Amino acid sequence: MMDYREVADLVAQDIAAGRLGPGAQLPPHRRFARTASPSPPPPACTANSCGAAW
């Protein structure tokens with residue numbers, strides 16, 4: 001799941017690149033989700049898998 005800050009960064013990039021101008025509407029959330037292609041969340045770490053000294 002994307003964090004709201006990642007979504008804001010993507011929108012800011014679209015504005016800077018000229019893809020979104022003043023008064024432009026954001027794409028529907030389903031299309032935005034497909035084009036944003038978020039990376040999967042990292043796996044949960046355990047003491048054994050991350051090598052942490054617990």
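Which backbone nitrogen lies 2.8 Å from a polar atom of the side chain of E6? To find out, start with the whole chain.

The model is predicted, so local features need pLDDT of at least 70 and side-chain atom pairs pLDDT 80 or more, while totals for chains, interfaces and linings use all residues. Residues are numbered from 1 along each chain as its sequence is written, and side-chain values use heavy atoms, without hydrogens and water.

**Whole chain.** Show the cartoon: there are 3 helices and 0 strands, in the order α-α-α from the N terminus. Helices (H or I, at least four residues) and strands (E, at least two) are DSSP runs, numbered from the N terminus. Of the 54 residues, 7% are buried. Buried means under 20% relative accessible area, exposed over 50%, and partly exposed in between (1.4 Å probe, protein chains only).

**Helix α1.** Select residues 4-16, which form α1.

**E6 and D3.** Now select E6, which is partly exposed at 38%. The backbone nitrogen in question belongs to D3. D3 is partly exposed too, at 26%, and its side chain meets that of R5 in a salt bridge (2.7 Å, N to O). A salt bridge is a side-chain nitrogen of Lys or Arg within 4 Å of a carboxyl oxygen of Asp or Glu.

**After α1.** Go on to G18, which follows α1 and has a positive phi, near 85 degrees. Then select R19, exposed at 57%. R19 forms a salt bridge with D14, with the closest N and O atoms 2.9 Å apart. The whole structure has 2 salt bridges.

How values were computed:
Polar contact = N/O pair within 3.5 Å; in protein donor to acceptor, adjacent residues only side chain to side chain.
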